[in-house]
Amino acid sequence: MSAPQAENQPILAVTDLVSGYDPGVPIVRGASMTVAPGEIVVILGPNGAGKSTFIKSIAGLVPKQSGSVRLEGREIAALPAHRLVHEGLAFVPQTENVFGQMSVEDNLRLAAGILPKAERAPQLDKMYGMFADLARQRHLSAGRLSGGQRQMVAVARALMVSPRVVMLDEPSAGLSPKLVEQVFVNLAGIRKAGVTIVLVEQNARAALAIADRAYILAEGRNAHEGGAADLWNDPAIAALYLGGGKLRSKEVPA
Amino acid sequence: MNLQFLVDGLLTGSIIGLGAIGVTLTYSILRFSNFAHGEFISWGAYATLFTSGILGWALGGAVPAIGPFSFGWTLLVAAVFAMALTGLLALGLDYVLFRHLRRRANAITAVMASFGASMALRSLLEFFFTSSPTYFSKKLQIAKQLGLGIRATPDQMVLIGLTAALVLSIHLLLTRTQTGRSMRAVSENPDLARVAGIDVARIVNITWMIGGALACAAGIMVGLLVQIRPYMGFDLLLPLFAAAILGGIGSVPGALIGGLIVGIAEAVAVQTVGAEWRAAIAFLLLIVVLIVRPSGLFGVRS
């Protein structure tokens, strides 16, 4: 299935992906997604829908059994996880997404390893410009930072290599409401800088507020897709997948 | 009390420390206890003996010793060559054995397999070189008085210096280079390391090479200071693990300091209680540290 993307060639196109840890027991059972350059796409769905597995298998961390993943037209489904970042696809896991025993700076330098030597220092400065908190704490162990700051390190680590697409697995998990807001403001800012964003979220309200489009997965397959505002306003979908009553309001996200 | 135990302990401790660095790296990056690590020590010593023998033969007779030391330059060349060779042996063992178990089996299977590999490697040495001890050089060295009742041979002094240089370079590699950062990253979180663009298989190979090379260096030290025999490495295995655990699994400085503590404690025991207590002291220390500080002296994991 392909979403109407008449004017743009998709930057990321996932077709009929089947994946899971055990070959006999697929968790993702033929899910598809197309993402246009510069979009923010959010993947929603009930617990156990395979959202996390979907994004992790695109990132190369969960074995794929079949299906195609194309990044800017290039087939990348067979590439190992460590090659994907060279291709321009970065991933921020949900938990344990920083190296806690390393300093903030070592976390970022590690990611810079795939850049040419001359680009590493300027890129580090760019990240410190974008995340001023991290510049102040560059010599602290990342494990000693607060949850919100760790999330910042994780996102900065992914952005170090100037990826074309960043995928995030529940960036708001475990954060206070105020920090969640900050994370989504940051993501909107990153998109403005020209980075395409795909995120899996439980927090449908906050995610739909910044997203352009959303996919809803159920039982490892596509259940619905559409513009963020349309899904938000569809009471049937809200009741089924987006956390029930609290989203039934006709409020339109900004 | 005679201070001689300091030199003896420092030497034994350096040997144990060099071996323990390999144990701690393999454990933290590959997540299993490699009981065949002692065999890398023995194979390293025999590889050096064999290579220096061939060099001597090719040059038509033994090369004169350097200055006050018991060995000539052929041994130094052979040592470098044998370190690379032992690294390749470790890599080869991973290639034919551990790599497959990592994919399919659990950690205990890998540990048992390493026991088997240990026996096989040891028996091969006995087969090729017999079980009777041999030496790099039969030349006798006269110990020099260093004051305060401490005596040391020139060999002993230069080996302590070389150990310090080796350990310092490994420490700098781990803390200052991209390869070292990648090793620490893989040790902490392999999946996140892959996401960050690190080729984990390459890091695993580098880890085996470093562990094997350092074990070889330990083997050469044992060969120069004591003797070369097929069981030389296996006999060191338990002190190696004691040192790695004492220092905190995963910590390179910890492994060295753990080695020095075990070495010096052994030397003190030999001097005060009696030589038969030598092996017991490592475990007494280990038990005390594990009760007081279960993650080891420099450990970060609980």
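Biologist: Which residue is the bridge partner of A:Asp169 in β8(A)?
Modeller: A:Val200 is the bridge partner of A:Asp169. Before we go on, this is a predicted model: local features need pLDDT of at least 70, side-chain atom pairs count only at pLDDT 80 or more, and totals for chains, interfaces and linings use all residues. Residues are numbered from 1 along each chain as its sequence is written, while chains are lettered from A and ligands numbered from 1 in the order in which they are written.

Biologist: Okay, and how many bridges join β7(A) to β8(A)?
Modeller: There are 5 bridges between β7 (residues 165–169) and β8 of chain A, and the two run parallel. Strands here are DSSP runs of E with at least two residues, helices are runs of H or I with at least four, and both are numbered from the N terminus. Two strands pair if DSSP finds at least two bridges between them.

Biologist: Which other strand is joined to β8(A) by bridges?
Modeller: Strand β3 (residues 40–44) of chain A, through 4 bridges, again running parallel. Within that pairing, A:Val41 has A:Val198 as its bridge partner.

Biologist: Is β8(A) buried or exposed?
Modeller: Strand β8 (residues 196–200) of chain A has 5 of its 5 residues buried, so it is largely enclosed by the rest of the structure. Buried means 20 or more other C-beta atoms lie within 10 Å of the residue's own; exposed means 12 or fewer, partly exposed is in between, and the C-beta atoms are placed from the backbone.

Biologist: Which way do its residues point?
Modeller: A:Thr196, A:Val198 and A:Val200 point one way, A:Ile197 and A:Leu199 the other, and all are buried.

Biologist: New topic. What order do the strands take in the open sheet of chain A?
Modeller: The order is β2-β1-β4-β5, 4 strands with antiparallel pairing. At the edges sit β2 (28–35) and β5 (74–75) of chain A, each pairing on one side only.

Biologist: What packs on that sheet?
Modeller: Helix α1 (residues 51–58) of chain A does, touching β1 (12–19), β2 and β4 of chain A. Touching is about contacts: two residues are in contact if their C-beta atoms, placed from the backbone, lie within 7 Å.

Biologist: And how many bridges hold β4(A) to β5(A)?
Modeller: Strand β4 (residues 64–71) of chain A is joined to β5(A) by 2 bridges, running antiparallel. There, A:Arg70 stands opposite A:Glu75.

Biologist: Let's zoom out. How many helices and strands does chain A have?
Modeller: Chain A has 10 helices and 10 strands. Its radius of gyration is 18 Å, close to the 18 Å that the globule rule gives for 254 residues, so chain A is as compact as a globular protein of that length. That radius is taken over C-alpha atoms, and the rule is 2.2 Å times the number of residues to the power 0.38.

Biologist: What about chain B, how many helices and strands?
Modeller: Chain B has 11 helices and 2 strands. They run α-α-α-α-β-β-α-α-α-α-α-α-α from the N terminus on.

Biologist: How much of chain B is buried?
Modeller: Buried residues make up 51% of its 302 residues. For chain A, 44% of the 254 residues count as buried.

Biologist: Last one: where does α3(B) bend?
Modeller: At B:Tyr95, by about 50°. The bend is the angle between axes fitted to the seven residues ending there and the seven starting there.

Note on methods:
Axes are lines fitted to C-alpha atoms, for helices over the stretch in contact, and angles run from 0 to 180 degrees between N-to-C directions.
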